[in-house]
Amino acid sequence: MPRARTVILTLTLLCEKALAWSVTPSNLVKQYGGSTLNTSTLKPKTSLDWTATWGIDATNGKIYFAIEAGTTGWVGLGLTEAAGMRGSDIMVAHVNASGTYVADYHAIGNQQPIMDGCQDWTIHHGEEAGGRTLVVVSRKLLTEDSNDRPILLTGLLRNGLLAAFGSSDSLTYHGTNKVKFTVNLNTGAAANQVDWSAAKAADSSLSFIELKANEGSSPTPGTTGRSYKAPQSGGQLLDTSRTMYWEYCFMDRASWDRTKFMTAFESVSDGSPANVHHFVLYGFDQDGCNKDGLETIVWVGGIGFYEDLPTGTALSFARIKSFRLQIHYDNPSGSASIRDNSGLRIWLSSQAPTHEAGTLQLGDGRIEKMFVQIPQGRSYWTWTCPSSETSSWPTDITVFGSILHMHEKGDMMYTQINAGNGNAVSKPNSVQYFDFAHQDPTLVEPYTIKRGDSLTTRCYFNNDRSASDTPLTFGLGSDQEMCIDFLYYYPYSPNIATHCDSSYDGMVQMSNASDAGFRTFGVDAGTPSDPSCTGGATLSVPATSPSPSPSPSPSPSPSPSPSPSPSPSPSPSPSPSPSPTWLPSPLPSPSPTPLPSPAPSPVPLPVPVPNPSPSPVPLSLGDGEASDASGITFSLMGLVLLALGHLPGLHHTASSSI
């Protein structure tokens with residue numbers, strides 16, 4: 001008997017490793033979303049056992065996700081705005097012996113999410129096997145709920161997502177089981193800099209130049225009007241001060257082929273990239289970074305930034321004779337041993353573009369409010385680029401890129417177009433939950449600025465410094481503030497100034513603590529009775545018995561859902577309850593409360609820490625019989641699972657009928 005038990009235990013362990021799911025995640029997505037769906041799969045971080053498979057039903061405006069994670073607790077998927085968890089739209093699901101459950105949340109900070117009054121995610125299927133969880137969920141691409149983020153398939157080439165999971169079914173703190181990532185949901189392409197850069201390098205039609213901090217030139221003194229840093233042995237040695245804005249000049253080089261066109265940009269990490277806050281690259285129409293030359297902004301970015309200009313759009317290298325690279329270094333620890341040689345790479349093409357690109361700054365681009373104090377509490381500051389300025393432009397322009405820029409106390413920001421005819425006002429770019437640590441692009445679609453339009457840029461600050469702290473002021477430092485909108489547009493014209501001569505329209509202190517400003521996301525939780533709540537989401541499906549030998553068909557149908565047995569879980573309902581009862585722990589309060597955590601405080605999602613548990617490889621039994629290294633066939637493993645399937649907790653499965 002001991003030997004028999006050993007054989008059974010060995011077979012059980014082998015089965016749990018090989019037989020991950022009853023049906024492959026891709027087939028499940030097609031099963032519920034339609035057999036014609038094209039599916040994509042992405043594991044955003046090797047060290048995190050979390051994988052998403054999805055398909056888009058463009059005809060019906062829905063997206064289907066199958067989420068796998070290395071836990072028997074909750075699994076989550078978030079849609080970001082421009083930050084990490086702050087301002088994100090979150091789906092949370094879990095599986096237990098009674099069934100599978102989903103809930104729709106939103107987050108207004110790095111704290112416990114708040115449950116939406118209007119529930120928009122539908123659960124279709126869930127199961128647990130080998131210590132892992134699989135759920136299949138769907139949602140409309142566009143809902144009318146103000147607490148949902150739209151899932152956009154045009155304009156932005158990358159969607160910001162969050163992945164996380166917890167150790168229990170209740171929504172406890174995820175700890176290190178988290179990651180922020182970007183992906184092109186349309187194509188399924190992993191949107192990360194390594195793959196993006198490798199694809200560029202493999203394209204024989206492209207070449208590049210690099211501009212790195214410790215490899216700059218030494219221009220002739222007296223002709224530049226600035227102090228440029230010279231190369232240092234071992235890299236640029238940073239000062240011990242908190243903030244440095246250092247300048248580097250790159251003069252014309254024989255290796256530069258200025259008949260080409262600049263089509264893409266990316267950061268280069270070398271030395272101590274963690275101390276680089278951002279780069280601003282300027283170009284001169286004269287060599288030697290001559291102060292008398294025409295200067296224009298070429299690119300703005302930070303470590304981890306990588307951008308293609310839109311198809312058919314580029315900057316002519318012939319316009320540039322020399323470059324000025326400004327690097328904002330941040331040394332909060334005051335370390336005296338930090339060296340850096342970071343910079344950027346410019347990708348070049350011989351193909352002449354349809355549109356020549358240019359740049360424009362709105363707001364306080366020249367920091368004219370330098371050292372002006374920002375009052376304690378909440379306030380907003382406004383600048384306007386007048387119609388008299390845009391009326392002098394030779395043509396209307398199309399804006400295809402925008403970076404809304406503030407610092408640590410920035411809270412919200414937008415640029416508004418006031419039509420010259422006075423009939424229309426629009427906010428083509430805004431951020432409702434700004435986060436200094438995660439300044440992702442937020443422009444959704446290109447937009448047009450017509451001659452005669454005026455442009456209002458407004459920045460909201462939340463100054464929580466006490467009276468005894470150093471006053472908060474405008475300035476260059478990370479602990480000071482800025483209000484700039486960097487625009488990328490076409491067609492370029494030298495008659496459109498790099499900085500709009502904006503008028504300062506004043507500051508308003510917001511005395512009402514509940515004043516939401518222009519913010520709509522997360523202002524209140526909402527209710528199912530809201531006119532904007534279309535409802536119809538299914539929040540739970542009851543448990544079903546797992547099939548020991550799934551059909552070999554590529555798209556097997558799930559077992560019909562039996563009538564729900566009595567359990568603490570709600571039955572599926574076309575109208576979600578404002579307070580779903582499936583959470584074993586107390587429901588979140590309408591006002592956010594910090595999650596208890598073993599760490600001193602929750603940290604933003606984008607900092608992944610390796611998960612000590614390696615991810616088992618999911619394998620489908622529906623693809624025919626195959627053998628693993630032990631020589632035991634999957635069909636034999638299926639028999640063992642069948643024999644042991646009565647054991648509680650071995651493999652929970654729940655599915656909705658189609």
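# Disulfides, sheets and aromatic contacts

C118 and C533 are both buried. They belong to a predicted model, and they are joined to each other in a disulfide whose sulfur atoms lie 2.1 Å apart. C118 is placed in the loop between β7 (114–115) and β8 (122–129), while C533 is placed in the loop between β32 (503–510) and β33 (540–544), so this bond ties together parts of the chain that are 415 residues apart in sequence.

## Disulfide pattern

A disulfide is a covalent bond between the sulfur atoms of two cysteines. The structure contains four such links. When the bonded cysteines are numbered in sequence order, they pair as 1-8, 2-3, 4-7, 5-6.

| Pair | S to S distance | Torsion about the S-S bond | Handedness |
|---|---|---|---|
| C118 and C533 | 2.1 Å | 90° | right-handed |
| C249 and C289 | 2.1 Å | about 105° | right-handed |
| C385 and C500 | 1.9 Å | 95° | right-handed |

Where do C249 and C289 lie? C249 is part of strand β14 and C289 sits in the loop between β16 and β17, so their bond connects parts that are 40 residues apart in sequence. Both of these cysteines are buried.

The bond between C385 and C500 likewise joins distant parts of the chain, with C385 in strand β25 (residues 377–385) and C500 in the loop between β31 (484–490) and β32, 115 residues apart. Are C385 and C500 buried or exposed? Residues under 20% relative accessible area count as buried. C385 has a relative accessible area of 1% and is therefore buried. C500 is also counted as buried, because its relative accessibility is 5%.

## The sheet that contains β14

Strands of a sheet pair through backbone hydrogen bonds, either parallel or antiparallel. Strand β14, which carries C249, belongs to an open sheet of four strands with the order β14-β20-β16-β17 and antiparallel pairing. Which strands stand at the edges? These are β14 (243–250) and β17 (295–301); each has a single partner strand, so one side of each has no neighbour in the sheet. On average, and with direction ignored, neighbouring strands are turned by 20° against each other.

Within this sheet, strand β16 (residues 276–284) pairs with β17 in the antiparallel sense, over six bridges. Y282 has I297, in β17, as its bridge partner. The loop between these two strands, β16 and β17, is where C289 is found.

W246 and Y329 form an edge-to-face pair, with 5.8 Å from centre to centre and 75° between the planes. W246 lies in strand β14 and Y329 in strand β20 (residues 322–330), so the contact ties together parts that are 83 residues apart in sequence. Both W246 and Y329 are buried. Strand β14 thus holds W246, paired with Y329 of β20, as well as C249, bonded to C289 of the loop between β16 and β17.

## The sheet that contains β31

A further open sheet of four strands has the order β24-β31-β26-β29, again with antiparallel pairing. Its edges are β24 (358–363) and β29 (447–449), each with a single partner strand, so one side of each is left without a neighbour in the sheet. From one strand to the next, the twist averages 45°.

How many bridges join β26 and β29? Strand β26 (residues 397–405) and β29 pair in the antiparallel sense over three bridges. I397 stands opposite I449, which is in β29.

## Aromatic rings and charges

A pair of aromatic rings is described by the distance of the centres and the angle of the planes. The structure holds 22 aromatic pairs. W381, W383, F461, F474 and Y504 form one aromatic cluster.

Which residue lies over the face of Y504? K369 does, at 3.7 Å from the ring centre.

Terms used: Residues numbered from 1 in each chain as written. Predicted model: local features only at pLDDT ≥ 70, side-chain atom pairs only at ≥ 80, totals over all residues. Heavy atoms only, no water. Pairing = 2+ DSSP bridges. Axes fitted to C-alpha atoms, helices over the stretch in contact; angles between N-to-C directions. Disulfide = S-S within 2.5 Å. Buried < 20%, exposed > 50% of the residue type's maximum accessible area, 1.4 Å probe, protein only. Phe/Tyr/Trp six-rings, centres within 6.5 Å; stacked < 30°, edge-to-face > 60°. Lys NZ or Arg CZ within 6 Å of the ring centre and 35° of its normal.
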